[in-house]
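Take a look at the sequence and the structure below. A short tour follows, from the single chain to the pair.

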Number of protein chains: 2
Amino acid sequence: MPNQARSELTLAAIVDTALDMAAAEGLESLTIGEVAKRLGLSKSGVFSRVGSREALQTAVLQEYDRRFVQDVFTPAMREPRGLGRLNTLMARWLDRARRVEVHQGCIYCAGAFEYDDRDGPVREQLLDGVRRWRSVLKRTVVQAIDEGHLDAQTDAEQLVFEMDALFTGAMRDARFLGDARALDRAWTTWQQLIADRATARRAQPRRA
Amino acid sequence: MPNQARSELTLAAIVDTALDMAAAEGLESLTIGEVAKRLGLSKSGVFSRVGSREALQTAVLQEYDRRFVQDVFTPAMREPRGLGRLNTLMARWLDRARRVEVHQGCIYCAGAFEYDDRDGPVREQLLDGVRRWRSVLKRTVVQAIDEGHLDAQTDAEQLVFEMDALFTGAMRDARFLGDARALDRAWTTWQQLIADRATARRAQPRRA
């Protein structure tokens with residue numbers, strides 16, 4: 001195998017191992033020394049490939065985002081705009097969690113609580129990721145309103161808050177309480193919230 | 001001041017400082033050395049009063065629980081059984097967060113993600129606290145069903161999941177995203193979910 005190909009494989013293995021560690025123990029606990037130990041590489045070998053601990057944290061988040069886009073975002077964007085696409089986003093988000101995050105941990109869920117009192121580039125990158133995802137969700141909700149699939153009075157930011165709260169609550173219950181039904185519970189509530197907004201079925205109660 | 005009274009005041013100050021630290025940086029980051037430094041005491045002085053780092057973590061959680069019971073649980077239990085008591089629990093839980101946890105951090109929210117892959121007595125104590133709170137919520141929901149304030153078909157565990165997911169999502173948004181409206185959003189969704197269950201207004205949608 002040419003040196004460059006082998007070097008790229010090594011870098012991929014480093015990021016993969018670091019992602020596992022960060023998901024289980026938090027991005028803050030990530031160290032080049034521990035990644036090297038787990039892979040049986042020298043610390044200087046890992047260092048020369050990633051540059052710094054901070055660059056490794058960045059690479060881990062980029063790799064997480066790449067996988068998330070591939071599993072959740074891209075397939076949902078193939079659906080026509082509207083409620084179908086919105087439901088696909090939520091369903092795939094929960095499906096991915098069932099396959100991956102329930103076992104591995106969710107870097108963004110844990111990161112929000114790990115970095116809420118910390119400044120720095122990792123916090124900024126996490127914030128940026130959350131904001132990008134929220135803006136995808138909001139745009140998809142607005143499209144579902146525009147298509148007439150959700151009531152015109154729907155508060156898009158409120159619904160986005162609810163999607164992320166249900167996801168975060170379900171991750172906490174599934175991992176910390178070991179409640180395997182939690183992701184189904186999130187889906188059940190989601191369906192309820194959508195049903196409440198799906199049509200002008202009833203006069204919307206005005207907010208006081 | 002007699003020695004014993006002074007010693008008790010010192011212990012209270014130690015636990016108070018440790019609670020602030022644990023809320024901001026996580027229970028795992030709590031060290032006797034750092035608490036001593038912040039209070040201008042010797043490390044051995046703090047050690048002699050708390051016994052061990054683990055005992056200090058336990059004391060922090062007990063103090064947190066004591067304050068939570070005083071602010072949220074006890075006043076709600078003065079309400080008659082039913083929807084009024086349930087609403088008071090949720091309202092006071094969010095009100096306390098507005099006054100305390102939004103600024104200080106929530107030990108239980110962060111702890112769930114900090115300890116989901118860690119064993120040990122702190123995890124067990126956190127789990128025990130979450131389970132006690134969830135059982136209070138569940139009992140209160142069941143009473144509201146028994147009183148005829150919520151539909152007889154209401155899934156109590158589902159509603160408890162929703163309460164905790166809304167709270168956790170709101171805490172994350174308020175602290176990590178800096179969204180001051182998040183706790184109001186949780187209350188808005190809560191009212192919607194209760195309205196959906198307040199009467200047998202319509203047939204429940206079946207799961208696909």
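What pattern does chain A follow, read along the sequence? Chain A runs α-α-α-α-α-α-α-α-α. That gives 9 helices and 0 strands. The model is predicted.

**The single chain**

The C-alpha trace of chain A spans about 65 × 35 × 30 Å along its principal axes. Chain A has 208 residues, and buried residues make up 38% of them. Consider the contacts in chain A between residues at least 6 apart in sequence: 56% of them join residues at least 24 apart.

**Helix α4**

Helix α4 of chain A covers residues 53-77. How far apart should its ends be? At 1.5 Å a residue, its 25 residues should span 36 Å. The end C-alpha atoms of α4(A) are 34 Å apart, which agrees. Still, α4(A) bends by about 45 degrees at Val69(A).

Which residues of α4(A) are buried? They are Leu56(A), Gln57(A), Val60(A), Leu61(A), Tyr64(A), Phe68(A), Val72(A) and Ala76(A). An α-helix has 3.6 residues a turn, so residues three or four places apart point the same way.

**The core**

The largest nonpolar core has 115 residues. Those with the most contacts inside this core are Ile107(A), Ala170(A), Ile107(B) and Ala170(B). What does Ile107(A) touch, leaving aside its neighbours within four places in sequence? Its contacts are Ala22(A), Ala23(A), Leu27(A), Leu61(A) and Tyr64(A). Leu61(A) and Tyr64(A) are also among the buried residues of α4(A).

**The pair**

Now turn to the two chains together. 32 residues of chain B are in contact with 32 residues of chain A.

| Helix of chain B | Residues |
|---|---|
| α1 | 3-25 |
| α6 | 107-114 |
| α8 | 156-175 |
| α9 | 182-198 |

The largest share, 12 residues, comes from α8(B). The residues of this side of chain B divide into 14 nonpolar, 7 polar and 11 charged.

How are the copies related?

Terms used
Residues numbered from 1 in each chain as written. Chains lettered and ligands numbered in written order. Predicted model: local features only at pLDDT ≥ 70, side-chain atom pairs only at ≥ 80, totals over all residues. Helix = DSSP H or I, 4+ residues; strand = E, 2+ residues; numbered from the N terminus. Expected span 1.5 Å × (residues − 1). Bend = angle between axes of the 7 residues up to and from the residue. Buried ≥ 20, exposed ≤ 12 C-beta atoms within 10 Å, placed from the backbone. Core = buried A, V, L, I, M, F, W, Y, C linked by C-beta atoms within 7 Å. Contact = placed C-beta atoms within 7 Å. Nonpolar A, V, L, I, M, F, W, Y, C, P; charged D, E, K, R; others polar.
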